[in-house]
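Could you walk me through how to read a protein model, one feature at a time? I would like the general idea and then an example.

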Amino acid sequence: MPVIRTYIVEDNLVILGNLRDALEELTDVEVVGTAADEEAAVNRMRQDTRGIDLMIIDVFLASGSGLGVLRSAQQLNVQARRVMLTNYATPEIRRRCAELGANRVFDKSNEIEHLIDYCGRISDGTATVPGALG
């Protein structure tokens with residue numbers, strides 16, 4: 001199965017470390033970069049995203065927001081799948097993320113296994129194409 005080159009935008013170092021460890025151990029994910037704030041994530045997208053298959057983004061960051069990252073990814077026509085992983089997966093946040101081009105939204109507190117499953121489906125080709133919410 002192909003490796004999923006993943007960029008994570010998360011400001012909490014404990015969550016970032018646990019997420020990286022879980023994804024790399026349980027899926028075909030290779031974390032190729034991280035950012036703790038919107039500016040760093042957007043700067044990375046402006047440089048080059050050809051080596052990134054998946055972006056996992058938190059809503060609330062050290063500065064800026066994950067919604068701003070999604071907006072910039074949309075404006076920059078980033079081809080990587082975009083997933084929002086947040087403790088605030090309310091219906092309004094889910095709707096707003098979809099409007100900004102997120103492929104999926106997962107709740108950190110009770111949907112990590114769904115994120116792991118989604119990564120497996122990306123790797124085996126059964127996940128929906130980027131830009132679709134399925």
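Predicted model: local features only at pLDDT ≥ 70, side-chain atom pairs only at ≥ 80, totals over all residues.

Q: How are two packed helices described?
A: Two packed helices are described by the angle between their axes and the distance between the axes. The axes of H1 and H5 cross at roughly 45° and come within 10 Å.

Q: What are H1 and H5 to each other, and why?
A: The crossing angle is roughly 45°, and therefore H1 and H5 are oblique to each other. As for handedness, the crossing of H1 and H5 is right-handed.

Q: Which residues of H1 and H5 meet?
A: On the H1 side they are Leu 19, Leu 23 and Leu 26, and these meet Leu 115, Ile 116 and Cys 119 of H5. Sorted by class, this contact has six nonpolar residues, with no polar and no charged ones.

Q: At what angle do helix H3 and helix H4 pack?
A: Helix H3 covers residues 66-75 and helix H4 covers residues 91-99; they pack at an angle of about 20°, and their axes are 9 Å apart. Angles under 35 degrees count as roughly parallel, so H3 is roughly parallel to H4.

Q: Which residues of H3 and H4 meet?
A: Leu 67, Leu 70, Arg 71 and Gln 74 come from H3, while Arg 96, Cys 97 and Glu 99 come from H4. By class, the contact of H3 with H4 has three nonpolar, one polar and three charged residues.

Q: What is found at the start of H3, and what follows H3?
A: At the start of H3, a side-chain oxygen of Ser 65 comes to within 3.3 Å of the backbone nitrogen of Leu 67. After H3 comes Asn 77, with a positive phi near 55°. Asn 77 is a residue other than glycine, and its place is the loop between H3 and S4.

Q: Is Asn 77 buried or exposed?
A: To judge one residue, we look at its relative accessibility. Over 50% counts as exposed, so Asn 77, at 55%, is exposed.

Q: In H1, is Leu 13 buried or exposed, and what of Leu 16?
A: Both sit in helix H1: Leu 13 is found there, and so is Leu 16, in the helix that spans residues 13-26. Leu 13 counts as exposed because its relative accessibility is 69%. Leu 16, in turn, counts as buried because its relative accessibility is 8%.

Q: Where does Thr 6 lie, and is Thr 6 buried or exposed?
A: Thr 6 lies in strand S1. Thr 6 is buried because its relative accessible area is 0%. Leaving aside its neighbours within four places in sequence, the residues in contact with Thr 6 are Val 29, Glu 30, Val 31, Val 32, Gly 33, Leu 54 and Ile 56. The side chain of Thr 6 also reaches the backbone oxygen of Ile 4, at 3.0 Å.

Q: Where is Glu 111 found, and is Glu 111 buried or exposed?
A: Glu 111 is found in the loop between strand S5 (104-107) and helix H5 (112-124). With a relative accessibility of 18%, Glu 111 counts as buried. Its contacts, leaving aside neighbours within four places in sequence, are Arg 94, Val 105 and Phe 106.

Definitions and conventions:
Residues numbered from 1 in each chain as written. Heavy atoms only, no water. Helix = DSSP H or I, 4+ residues; strand = E, 2+ residues; numbered from the N terminus. Buried < 20%, exposed > 50% of the residue type's maximum accessible area, 1.4 Å probe, protein only. Contact = heavy atoms within 4.5 Å. Axes fitted to C-alpha atoms, helices over the stretch in contact; angles between N-to-C directions. Parallel < 35°, antiparallel > 145°, perpendicular 65-115°, else oblique. Left-handed = near helix turned anticlockwise from the far one by under 90°. Nonpolar A, V, L, I, M, F, W, Y, C, P; charged D, E, K, R; others polar. Polar contact = N/O pair within 3.5 Å; in protein donor to acceptor, adjacent residues only side chain to side chain.
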